[in-house]
Structures are given as C-alpha cells and as structure tokens.
Amino acid sequence: MIATFGLLFLPSCGNQAGQTNTGGALGDDVASQVYVAPGEYDEFYAFMSGGFSGQIGVHGLPSGRLLKVIPVFSTDGEKGYGFSEETKPMLNTSHGFVPWDDAHHPELSQTNGETDGRWIFINGNNTPRIARIDLSVFETVEIIEIPNSGGNHSSPFTTENTEYVVAGTRFGVPYPQKDVAINTYAENFKGMLTYVKVEEDGAMDVAFQILLPAFDYDLAHSGKGNSHGWTFFTTYNTEEKSTLLEVAASQNDKDFIAAVNWKKAEEYIAQGKYQEVPAKYAHNVYDEKTHMATSTMKDKVKVLIPSECPGLVYFLPTPKSPHGVDVDPTGEYIVGNGKLSADLTVHSFTKMKAAIDNQSFETEIAGVPVLKFEEVVAGSVKDAGLGPLHTEFDDKGNAYTSFFITSEVVKWKVGTWEVLDKASTFYSVGHIMIPGGDSKKPQGKYLVALNKITKDRYLPTGPELCHSAQLYDISGDKMKLLLDFPTAGEPHYAQGISADRIVPNVKKFYPIEENEHPYRALGEKDARVERNGNEVHVYMTTIRSHFAPDNIEGIKVGDKVYFHVTNLEQDWDVPHGFAVMGANNAELLIMGGQTETFLWEPKSVGVIPFYCTDFCSALHQEMQGYIRVSPRSSNIALKWGLGEEEVVQ
Ligand code: RUQ
Ligand code: CUA
C-alpha cells in the first residue's frame with residue numbers, strides 16, 4: 001500500500017515532456033512483475049555496455065538490480081584492474097598503456113545461433129580493440145587490438161557459432177597510416193573490416209582484413225540459417241568527406257549495407273590470395289592459472305582486396321545513413337535502420353542471392369558490385385517514427401525498432417511490415433535489447449530500452465545525470481512499461497540471457513592447488529621476503545584475519561617493493577584487500593585462491609601502515625601491518641614476521 005502511494009506521485013514529475021505513461025507504473029500491478037523477493041534470483045542477466053566508462057554493467061532482470069561492474073577497457077580502482085602488475089598488460093596497446101576506452105556493444109557467444117553463456121565480447125571504440133569476458137568468472141580474460149582502423153564501432157558482432165567476431169572501422173584512416181593532407185581523404189584514406197577468429201577455448205586472433213573505400217562502417221550483424229556465412233555492415237559517409245559530416249555525409253540518398261561472404265574469404269585465404277602487410281597490434285591474454293596477463297605485440301596481418309577476390313563483398317543500397325543493421329531470427333531479413341529516412345528498409349537475403357546470381361549490378365565501387373536496390377529490397381516499414389536506430393526481435397515473428405527522435409519503440413510484423421504497437425521511452429532511446437534478440441532463438445519476454453536522456457526521471461544529481469534503462473513486458477500484444485533503472489556509464493548495446501545458461505558454470509573461488517602464479521605462497525609457511533638489489537619481493541598471504549608477514553623491516557628508500565599477495569581463502573565471496581599509505585596505486589582486491597601483485601616505491605623514511613580494504617570478518621579492522629622504511633644507506637637487516645615468529649636475513 002505504501003509503495004503504491006509513493007509511485008502515484010513520482011510519475012507526475014517524470015512526465016514534463018507531456019507524454020503519457022500509458023500502461024506504465026500506474027497501469028496495474030506492475031510492481032509485482034519486477035519484484036524479486038529477497039533471497040531469490042532474477043530470471044535473466046542483462047549485460048549493459050558502459051559506453052564512456054569503458055566497462056560492462058551486469059544487471060538482473062526483471063529487478064534491474066546492479067549485480068556487478070566488470071572492468072574491461074578502463075582501470076578500476078575498486079578491483080585494482082589495470083593497477084595490479086598482473087592486470088596492467090591487459091590495457092597495453094601499440095600506443096602503450098591505454099587506461100580507458102569507449103565500450104559500445106556487448107555480444108554474447110553463440111552456438112547454433114543461440115546464446116550459450118560462455119563468453120561476452122565487447123568493442124573498444126576509441127583505440128580499436130575487442131575484449132572477451134569469461135562468464136564463469138565474469139572477468140576480462142583477453143583483449144586484442146584491431147590494426148589499420150580508427151574507431152572500432154561496427155563490432156564485435158559474432159557469427160552463428162562464434163567462428164568470428166567482427167570489427168569495422170568507423171573512421172576512414174590513411175592506409176597505411178602516413179602523414180598526408182586531410183583533404184586527400186578520398187584518395188588516401190581507406191575503410192577496413194576485420195574478422196577475428198575465436199577458437200574453441202575462446203582464444204582470439206586477427207584472421208584477415210578486407211580493404212574497402214573510406215566509408216564510415218557503423219554497425220554489423222551476421223547472417224544465420226540460410227544467410228550463415230555472411231556478415232552485414234552498415235555504412236554512412238559514402239560521400240567520403242572529412243569535414244562537417246553532419247551536412248557533408250548526409251548528401252547521398254542511399255548509403256550501403258556491405259554484405260561480406262566470410263566463407264568465401266576463408267577460401268581466398270586458403271588459396272593465398274591475400275597481401276601480408278606489416279601491422280603493429282597488441283594481443284593481451286589473462287591466464288586463470290597463473291592469475292597473470294601477458295601482452296604480445298603482433299607485427300603482420302592478412303589483407304584481402306575485393307577487386308582481386310570476386311564474390312567477397314557486395315553493396316546493398318540503403319536509405320539513408322543507416323545506423324544499426326539487424327538480421328531477423330530466420331536469417332532471411334536484413335533490416336537497415338536508416339536514421340535520416342522516414343521508412344525502415346528491409347532487404348531479403350534470398351533476393352540478394354538471386355541478384356548476385358543474375359549479376360543485377362547498378363555499378364561497381366573499388367571492385368565491389370553495387371546491387372540494384374529494387375532487386376534486393378523486401379519491403380519497408382512506413383511512417384513508424386523518426387530516427388530509427390536499432391532493431392531486435394522476439395520469438396513470435398515481431399521486430400522492435402528504437403526511434404531516437406520520436407523517443408519510442410515501435411513493434412512491427414516481420415514479413416507484412418505493419419506497425420503493431422508503439423511505446424514511449426523516457427527519453428531518446430538508442431539501443432534496445434531483448435534477451436537473445438539478435439540470435440536465432442530470442443527469449444522474448446522483456447525488452448530493455450537504453451535511453452540517452454533522463455532529465456526529470458530521477459532525483460537530480462547536478463548537471464550530470466545517469467543514463468537509464470527501461471524495462472517493458474513484451475509477452476502480450478501491447479508493450480507495457482514496468483520499470484526505470486539507472487545504469488553505469490552510457491549503455492549503448494546490451495545483451496540478455498536467461499540465468500540458467502550461466503549460473504551452473506560460475507566459479508566460487510580459484511582452487512589454491514591450481515595456482516601457478518610464479519610468486520604464489522601456498523600457505524603461511526611460504527610467506528617470506530626476498531631482496532635482489534633494490535628489488536624486494538614480498539610473498540604474502542591473507543586469511544581471516546591477518547597478513548603473513550605483517551611486520552617487515554629492512555626496506556629502503558628507492559626500493560621497488562612487490563607485494564605478491566595470495567588469498568588463501570577457499571570459500572565463496574571472501575576477497576581480501578591490500579593497500580599501502582601513499583602508494584601511487586589502487587588497492588588490490590584478491591579473490592580466494594588468487595595471487596595479485598602491488599608495486600610500491602617508498603620515497604621517504606618512516607613506518608608505513610598497510611591494511612585489508614575489504615570488510616572480511618569481525619576482526620577485519622585488525623587486519624593490518626607495518627613496513628619500516630630506512631635510508632638508502634642504512635644496513636638494517638631484512639626482517640619479517642607474524643606474531644612471535646620472526647625471520648632475520
Ligand atoms: S551505437 S545507440 Cu554504438 Cu547505436 Cu550507441
Ligand atoms: Cu581481510 Cu578485511
């Protein structure tokens with residue numbers, strides 16, 4: 001009763017734009033539809049990209065509860081990600097250490113076109129990268145840089161069996177990079193599409209790249225069923241302009257969807273019809289046994305040139321500056337979300353194949369045949385709204401498209417193209433997500449709208465407001481708004497999956513006997529301190545509620561002190577933390593069975609405290625210790641201990 005009373009007052013100030021919240025919180029008993037009782041699990045996981053936070057936010061659906069923020073492309077002081085010696089290599093690139101990125105599109109791994117819960121991939125837009133997150137631990141375990149690209153936006157959309165994840169450059173860049181006048185764009189700049197091979201165990205590597213004109217490659221989705229073996233990329237700026245794009249790149253009536261036959265590409269690679277070119281890009285891998293990341297610099301890549309590889313790429317004319325490209329669950333329909341077009345254009349894969357067979361080409365650009373629009377178009381969704389961006393699908397033959405300008409989600413029928421329903425979003429929706437909504441088997445119970453503007457939806461927090469997700473029930477004929485919830489960073493795309501596909505594989509701690517970290521200490525008997533010149537290695541252990549050792553003497557100003565901290569706990573949810581006063585670093589947060597390393601370079605003499613940062617037991621506050629720092633010239637012996645026991649060296 002109290003909850004209902006509260007809700008009555010909030011929407012009145014949440015609707016200043018004059019929109020009516022039909023079927024929303026006031027409609028009927030929606031609260032019970034999103035209520036997940038204490039102690040119960042949500043039915044779905046939702047993985048929201050963090051946009052300019054560089055991370056992934058994991059929420060439960062339908063409750064909207066934030067379950068975890070997974071650090072991916074940005075350092076994260078909360079978890080020591082990018083601060084510990086083990087994770088620093090994850091953020092290495094050909095430009096050196098890059099502690100931030102703009103993460104847009106999470107994409108779950110698939111088997112037979114269905115989400116399988118093994119991994120989630122996400123693109124780094126700014127310094128082109130793709131990351132892989134292992135969903136047994138919810139940690140980033142691999143990041144590969146994408147060479148010959150600028151702005152990896154059309155990424156990392158997967159193929160039907162996760163054979164590949166793709167990357168397409170949003171910005172044309174000189175190929176190879178060189179010092180040229182910007183106004184030579186059309187002649188010197190190129191656009192590269194990249195296929196990253198994903199092995200059975202998840203390991204990624206750049207398999208090949210395809211050299212195309214310097215259009216802006218915006219988004220992508222792969223075919224499925226009949227269209228398996230193809231990937232579709234949207235383009236804009238087919239005008240190939242480099243300045244004032246808001247006008248210059250909106251001239252052409254139609255831009256293109258680039259259809260890439262990646263099975264054909266595999267044949268050309270096998271026949272050796274590629275150019276091997278120098279390219280510097282980092283490949284970073286986190287090993288769950290050594291608890292350590294390594295970064296390897298790669299130096300070449302295979303490039304396919306369409307004019308030398310007939311049948312590899314075709315352009316499908318598509319009005320007008322299409323943003324998202326989405327393939328329906330059958331694989332037959334390819335939806336081009338032309339953001340400046342009044343209608344939504346849908347192409348047919350069958351018609352596309354026929355047009356290719358009949359050579360119904362309008363023209364050719366850089367060796368790529370342009371198919372005739374009328375020969376490939378299947379239909380269009382008319383007058384649905386303004387500014388279509390993205391489309392997802394349910395399991396009943398319906399599609400849902402977000403319209404940014406008119407702030408709404410429009411439901412339409414695949415095949416007849418009729419508009420069935422519209423629901424307002426609050427406000428300015430970008431991506432939408434239905435669990436499995438870009439797979440062969442959508443789990444179409446909920447739709448999440450990811451909104452850009454939230455003013456007046458939440459209590460004000462100064463000039464900056466959080467972004468917002470809105471949850472709709474789509475199980476009936478009409479969409480029903482159930483819930484608003486804030487998100488971390490700016491969610492672009494998101495992915496959802498029923499929890500039963502992930503929960504059985506989730507690890508609760510790392511078995512200590514499998515720990516292969518070179519500086520591990522597998523019990524307190526292994527705890528010790530070793531000096532090697534001005535490098536000091538502390539083999540430290542943690543267990544409720546002490547560090548071993550907790551008193552260390554004989555450290556000198558100018559030393560490089562590496563604390564290798566092994567958490568001996570073999571229990572779920574008992575991390576210990578580690579922090580040192582004045583360290584130019586973040587804490588470590590060490591999971592059970594894990595070893596992590598903290599580098600500290602003491603700059604002045606004194607006795608410096610350290611402590612556990614994660615409340616771990618009733619005696620957490622006692623979990624502390626001291627390090628004595630002496631002058632560089634001193635001859636204080638290295639000495640360490642815990643309680644009565646002390647070792648002097
Ligand atoms: S993009 S809406 Cu990467 Cu559509 Cu954000
Ligand atoms: Cu260990 Cu607090």
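**Tour of the pockets, cavities and ligand shell**

Select K68, V137, F138, V506 and W572: of the 40 residues lining the largest pocket, these lie nearest its centre. A pocket is an open set of points on a 1 Å grid over the protein atoms alone, with protein on both sides within 12 Å along at least five of seven lines; lining residues have an atom within 4 Å of a point. The model is predicted: local features need pLDDT of at least 70, side-chain atom pairs count only at 80 or more, and totals for chains, interfaces and linings use all residues. Residues are numbered from 1 along each chain as its sequence is written, and ligands from 1 in the order in which they are written.

Colour strand 1 (44-49), strand 2 (56-61), strand 3 (66-70) and strand 9 (139-145), the elements giving two or more residues to this lining. Strand 3 has the largest share, 3 residues. The pocket holds about 1200 Å³ of space.

Next, show E107, Q110, T158, T159, E160, H221, S222, G223, K224 and D438, which line the largest cavity. In a cavity, a 1.4 Å probe fits but cannot get out. About 50 Å³ of space lies here, and the lining has no nonpolar, 6 polar and 4 charged residues.

Move to S341, A342, D343, L344, V381, A384, G385, P388 and F403 around the second largest cavity, whose volume is about 30 Å³.

Finish at ligand 1, surrounded by H104, H105, H153, H323, H390, G430, H431, K452 and H492, each with a heavy atom within 4 Å of it. This shell divides into no nonpolar, 8 polar and 1 charged.

How values were computed
Side-chain values use heavy atoms; hydrogens and water are left out. Ala, Val, Leu, Ile, Met, Phe, Trp, Tyr, Cys and Pro count as nonpolar, Asp, Glu, Lys and Arg as charged, and the others, Gly among them, as polar. Grid points are joined across faces, edges and corners, and a volume is the space filled by probe spheres set on the points. Helices (H or I, at least four residues) and strands (E, at least two) are DSSP runs, numbered from the N terminus.
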